[in-house]
Amino acid sequence: MGDVARDKEATKANLLEAALDEFAEYGIAGARVDRIAAKAGCNKAMIYAYFGSKEGLFDELLKIQIDRVVRSVPITPEDLPGYAGRLFDAYVEEPRLLRLAAYHRLENGFESIPEPEAAAHRHKIEAIGQAQMEGRITAAFNATDLLDLVVHMSILAFSTPNANRDLVVRSVERLIAE
């Protein structure tokens, strides 16, 4: 029984890795389960058995990627420039996450935020709000706007040819300077 469980987990992991490439390249609508299954070395029926649908596979993949970034880049309200720099680093390390998030919003609407992302966002807003109330960081912006600006600065750097981590960090330093 142990080998079956290992095989199941290995097949799921292979499907998720193949899906990451496929969805980042083609989006939800353009991705093909045949290509995902072929790259994963399994039958496409496994996608439906493990994830229910192509959309279910995408949703699980996006959740995993968001969870990875949330765990690896915890919010540090006292050091928002460093946080922005670490986010930038995470996006450099895994640029496909930004493409997945963009496809999700394009195909589901810009107000559609995956629950793992929404929960992490709420936690970060609370942490920033607490730091603002304690006077540890600027209250020039409300906590939601400040977080959005910091996060988007770390992402914006990808659309600017000369952008780098230092630019992101310095921009956030200026943003929060009093």
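1. Residues 24 or more positions apart make up 62% of the contacts with a separation of 6 or more in the protein (contact: heavy atoms within 4.5 Å). Bear in mind that this is a predicted model, where local features need pLDDT of at least 70, side-chain atom pairs count only at pLDDT 80 or more, and totals for chains, interfaces and linings use all residues. Numbering runs from 1 along each chain as its sequence is written, and side-chain values use heavy atoms, with hydrogens and water left out.

2. On the overall layout: the protein has nine helices and zero strands (DSSP runs, numbered from the N terminus: helices are H or I with at least four residues, strands E with at least two). The C-alpha atoms fill a box of roughly 60 × 40 × 30 Å along the principal axes. Of the 178 residues, 40% count as buried (under 20% relative accessible area with a 1.4 Å probe, protein chains only).

3. The unreviewed UniProt entry annotates residues 32–51 as "DNA-binding region"; such annotations may be inferred rather than shown by experiment, and positions follow the numbering used here, with feature names shortened. That span is 75% helix and 0% strand, with its end C-alpha atoms 15 Å apart.

4. Now α5. Of its 14 residues, 10 are buried, so α5 is largely enclosed by the rest of the structure. Among the buried ones are Y83, L87, F88 and Y91, and the buried residues of α5 pack against α4, α6, α7, α8 and α9 (165–176).

5. E94 sits in the loop between α5 and α6. Why does E94 count as buried? Because its relative accessibility is 10%. Leaving aside neighbours within four places in sequence, E94 contacts L20, Q65 and R68.

6. The largest pocket holds about 650 Å³ of space (a pocket is an open set of points on a 1 Å grid over the protein atoms alone, where a 1.4 Å probe fits, with protein on both sides within 12 Å along at least five of seven lines; lining residues have an atom within 4 Å of a point). Of its 23 lining residues, Y91, R105, E117, V151 and I155 are the closest to the centre. α6 gives the most to the lining, with six residues. The lining divides into 17 nonpolar, two polar and four charged residues (nonpolar: Ala, Val, Leu, Ile, Met, Phe, Trp, Tyr, Cys and Pro; charged: Asp, Glu, Lys and Arg; polar: the others, Gly among them).

Conventions. Points joined across faces, edges and corners; volume = space filled by probe spheres on them. Buried < 20%, exposed > 50% of the residue type's maximum accessible area, 1.4 Å probe, protein only.
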